[in-house]
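Here is my note on the model you sent.

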Amino acid sequence: MVDALRVIRDDGSTDPRLDPKFSEDEAIAMYRGMSLQRILDNRMLALQRQGRIGFYGPSLGQEAAIVGAAMAMGPDDWIVPQYREPGAALVRGMPLKELLCQLMGNAEDPVKGHQMPCHYVYRKGNYLSISSPVGTQLPHAVGIGWAMKLRGEKKAVLVFFGDGATSTGDFHAAMNFAGVFRTPTVFLCNNNQWAISVPVAKQTASATLAEKANAYGFDGIRVDGMDALAVYRATRDAARKAREGLGPMMVEAVTYRIGPHSSSDDPSRYRDEAEVAAWQARDPLLRFRRYLEHAGWWDDAREARLEQEIGDEITRAVQEAERIPPPAVETIFADVYAEMPPHLQQERDAFLALPRR
Amino acid sequence: MPAMTMVQAINNALREEMRRDDRVIVLGEDVGRNGGVFRCTEGLLDEFPDRVFDTPLAEGGIIGTAIGMALYGLRPVPEIQFMDFIYPGFDQIVSEAAKMRYRSGGQFSVPMTIRTPFGGGIRGGHYHSQSTEAYFCHTPGLKVVVPSTPKEAKGLLTSSIRDPDPVLFLEPKKLYRSSREDVPEGEVTVPLGQAAVRRPGKDVTLIAYGYMAQVCLDAATKAAEKGVEAEVIDLRTLVPLDEPTILSSVKKTGRAVVVYEAPRTGGYGAEISAILAEKAIEYLRGPIMRVTGFDTPFPYTLEDIYLPNADRVLSAIDKVMAF
């Protein structure tokens, strides 16, 4: 199905030339990150249907391509997300409760209810704020990498984007600037085959997305995006090269958006269930579990314990977040500028002076 | 104290800020070896070879990567060669730079100053002459600054570069080399958000910015010959606006003429008119007049007809005085 770099074989063994040689703890941490993302998605979609959060964008099917890539980056590196990577924010240490508060837009939402659900930010983990327009984050990742290079720091930036984003002008500008200025940017394209209802074949006439990198003067590599070790290996190597001053690289993770684009989307309108089922058979979590089992690190009992543990964590975070009230009305006026200018003060004061009905 | 054109004063401000703060980076089309098509960045590459960049020809890329630098803590000063070329970067300005602080709950900010020449008067046709500040003034999170003299260009640009928020710094091309003014070497700042009363007067207030501030001064001179004392206010910063200076002047004169070279409909001067109507109506002794460009694209051959001039401003003054 995919002609791309693979590490985990069907029987759970690994390609010895590419295996990153994880310890048991490292391997389980990666599996935990993916499982957390999966269980969170299912719980949040349910919460959305119950009207307890307004919107949700799941990452079902893309756990390996998100968590595998995020874990390949060092703590001083930056991550520039698109909008389907809460798993990466959690890898960077964002507390689950804070993430839930963002989804609910309550008083402890780090963005004060200023943005829709799923527009996370986590400065402490060098995890940038999210924009809804597609592809706009790409030049930012180039500028951040450029700044690191100008400051003489050996760091790298990982930027997430999808197949649809490769059609944007910002993709072209970012790839071009990255090539010209040799910025330490790792372009991680989650080719999940669908940009809402438009399949990748209608997005581009290129045979692959990775080959676009060649035209900008750097390498692109295609990896099996359902294989967390393959994504990890390719991203880690690209980041190492970038930190050493060898310039940018593009990694195309070939994956699949098993769920809807968002809680507002009904994929049965535009795609065949048989296609979904075929990709589901390549579930990145099952694949990774086979690898853990092959290494002798996993069994049903540990799986059950992990599910229970993550489920309980999410339940606690939901309960805590749901107890928090909405943000105070004056937060509408906060953070427009570093200092509130007089016209905004006037608007705020005039509003607050109105009789409350 | 050297006499400088506005181009030289802008160059001086950039050079001094780059000397003072090694986080200041200049990037854009032709800004390096060529020193910018108007020469505002002349010689900067020689002095700061690692901090001045000729970029590929892509405004979205220039603004977008500058945003990235600012997010990382640098102070980029991207140049867009003409304001008429800014639109490939429009999304990056209005959806990204302007919203970053708000959308991240204050966790991230974009201290970036976008410099761009704007306005008519150099025979540039509509792709080198437009004055589209209203698009940007309509975007919360951005500051919009327009100098009208060399010394203030230095002071306002210095303050913009030091500002913690994204600033669109509009340079009136017509004034780039039209006059010289003594500009001190070393620290010169003009605070953002403060208008200047360029000429005091008691009969009518003329409100403008950029080249139109100069046109209003000419009109005020002519009006004085007819015994009308016009007060001229140069806004200098459009966002945030200095309301108190405008309101106190209009409350004193009871008459207001707002002058801008952009198309009339929805222009920034319309906002000024609305503020006066809301907050000073009981002081007004006549209608708030606007003297503006026409609601057409900017013409080439008949540029001088399109641009408001002192006589058109005078006609408006006559009308409001005779009301």
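1. Chain A splits into domain 1 (24–326) and domain 2 (329–357); these bounds come from an automatic or database domain assignment. The C-alpha centres of the two domains of chain A lie 36 Å apart.

2. A word on the basis. This is a predicted model, where local features need pLDDT of at least 70, side-chain atom pairs count only at pLDDT 80 or more, and totals for chains, interfaces and linings use all residues. Residues are numbered from 1 along each chain as its sequence is written, with chains lettered from A and ligands numbered from 1 in the order in which they are written.

3. Look at strand β10 (residues 204–208) of chain B. Five of its five residues are buried, so β10(B) is largely enclosed by the rest of the structure. (Buried means 20 or more other C-beta atoms within 10 Å of the residue's own, with C-beta atoms placed from the backbone; strands are DSSP E runs of at least two residues, and helices are H or I runs of at least four, numbered from the N terminus.) Val204(B), Leu206(B) and Ala208(B) point one way, Thr205(B) and Ile207(B) the other.

4. β10(B) pairs in the parallel sense with strand β11 (residues 230–234) of chain B over five bridges; pairing requires at least two DSSP bridges. Ile207(B) stands opposite Ile233(B). β10(B) also pairs in the parallel sense with β13(B) (residues 256–263), over three bridges. There, Leu206(B) has Val257(B) as its bridge partner.

5. Now the interface. 37 residues of chain A are in contact with 39 of chain B (C-beta atoms, placed from the backbone, within 7 Å). On the chain A side, α5(A) gives the most, with ten residues.

Conventions
A residue is buried if 20 or more other C-beta atoms lie within 10 Å of its own, exposed if 12 or fewer, and partly exposed in between; C-beta atoms are placed from the backbone. Two residues are in contact if their C-beta atoms, placed from the backbone, lie within 7 Å.
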